[in-house]
Amino acid sequence: MGFISDALNRIQPSATIAISNKAMALKAEGRDIIGLAAGEPDFDTPDNIKDAAIKAIKAGKTKYTAVDGIPELKKAICDKFKRENGLDYKPSQVSVGTGGKQVLFNALMATVNPGDEVIVPAPYWVSYPDIVMLAGGTPVFVEGKAENGFKLQAADLEKAITPKTKWLILNSPSNPSGAAYSRAELKTLTDVLVKHPHVWVLTDDMYEHLVYDDFEFTTPAQVEPRLYDRTLTMNGVSKSYCMTGWRIGYGAGPEQLIKAMSKLQSQSTSNPSSIAQWAAVEALNGPQDFIPKNNEVFKGRRDLVVSMLNQATGISCPTPEGAFYVYPSCLGAIGKTAPSGNVIRTDEDFVTELLAAEGVAAVHGAAFGMSPFFRISYATATETLEDACRRIQRFCGNLR
């Protein structure tokens, strides 16, 4: 009898966290490392949000709260969904977790049984399939081809649905590709889902506000009201509000699901940080004017990185609609020899040799379910991105 559970043995550590940790370790050793693996804005949390947290501490709001969120935050979340997405939710339909990952984890662990299938469009955020497998379910991968902007197509969704399908996970804008679905593109998918009433929809809208070039964000329950009763709409304050370390995510959906998620959370982490919850109230209710200002900076960085990567030999980088990632192809580097003398056979080889030769840490595409690609986060200083892209250009130019 093994000591470690079979469930834990079904999953792998997060690839993005592993590479970020490796980059930090090399930097601590004195290496000149540029880390482009972590999905974290380099902007500081706005002062009004920090002040709200300090005020909460001074007011003694440091005790346990309701398991899945204080009433004030649940009301702010309901107001946000109504104001920005045209969705009506009651506080009893809202769950607040320690980051968006916990909301996703709670939903899947509370609903997935052995044999259940969960459709996961690829490329996908690294945690989706592992959480499904931890719950005992089977991830069903459906590729969003590069020629379709890395987006799931209606015909492919239709083919993937079986009587065992329980959920479709849809992430827009996407981590890792930055691809975002327009209202018309979402409508083609929701038209399929309407025909299959046993399939629930889990939308990961964490990058909702990080869209560019006049792109209009929409979410499935907004596009197709008939899906409202079987959709969990997940979001959080980490990315748009520069609050990654505060660890507040939230989801809204049918009361039956929310109660099940709360039951699970009551026996795991219990409530999210009381102080972070009060900061999130201010984030959602307070001034939003810094978001478009940050987006202008992100857009400039996106355009810079896309342009410079497309000048690198063997690299092809599409322009994403949102988030702060690019997902370029390194197909032109496959089969070539790196300065170390090693032959690059996979995208993992590519990022490994890039880190060794030039000190640039990126994440290989296989971690997200699609090769031969790699992911770069451009949520860092423009000067740093220029340096990183020059190093990538040099690395690619030195391949033989």
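Are F350 and F374 buried or exposed?

Tutor: F350 is buried, as is F374; buried means under 20% relative accessible area, exposed over 50% and partly exposed in between, with a 1.4 Å probe and protein chains only. The model is predicted, so that local features need pLDDT of at least 70 and side-chain atom pairs count only at pLDDT 80 or more, whereas totals for chains, interfaces and linings use all residues. Residues are numbered from 1 along each chain as its sequence is written, and side-chain values use heavy atoms, with hydrogens and water left out.

A pair of aromatic rings is described by the distance of the centres and the angle of the planes. Rings of Phe, Tyr and Trp (its six-membered ring) pair if their centres lie within 6.5 Å; planes under 30 degrees apart are stacked, those over 60 edge-to-face and the rest tilted. The structure contains 18 aromatic pairs. Helices (H or I, at least four residues) and strands (E, at least two) are DSSP runs, numbered from the N terminus. F43 is partly exposed, with a relative accessible area of 22%, whereas F298 counts as buried at 1% relative accessibility. The pair of F350 and F374 is tilted, with 5.0 Å centre to centre and 40 degrees between the planes. Here the partners are 24 residues apart, F350 in helix 13 (residues 347-358) and F374 in strand 12 (residues 374-377).

F43 and F298 also belong to a cluster that ring pairs form with Y207, F324 and Y325. Among the residues that K239 touches are Y207, F324 and Y325, along with G39, P41, M206 and L210, not counting residues up to four places away in sequence; contact means heavy atoms within 4.5 Å. K239 lies in the loop between strand 7 (231-236) and strand 8 (249-252), and K239 is buried, with a relative accessible area of 14%.

R301, L304, V305, M308 and L309 of helix 12 make the contact with T382, L385, E386, C389, R390, I392 and Q393 of helix 14.

Turning to the backbone, most residues other than glycine have a negative phi, and most peptide bonds are trans. S371 and P372, however, are joined by a cis peptide bond, with omega about -5 degrees. P372 lies in the loop between strand 11 (363-364) and strand 12, and strand 12 holds F374. Another aromatic residue, F150, has a positive phi near 65 degrees. F150 lies in the loop between strand 4 (138-143) and helix 7 (154-160) and counts as buried at 10% relative accessibility.
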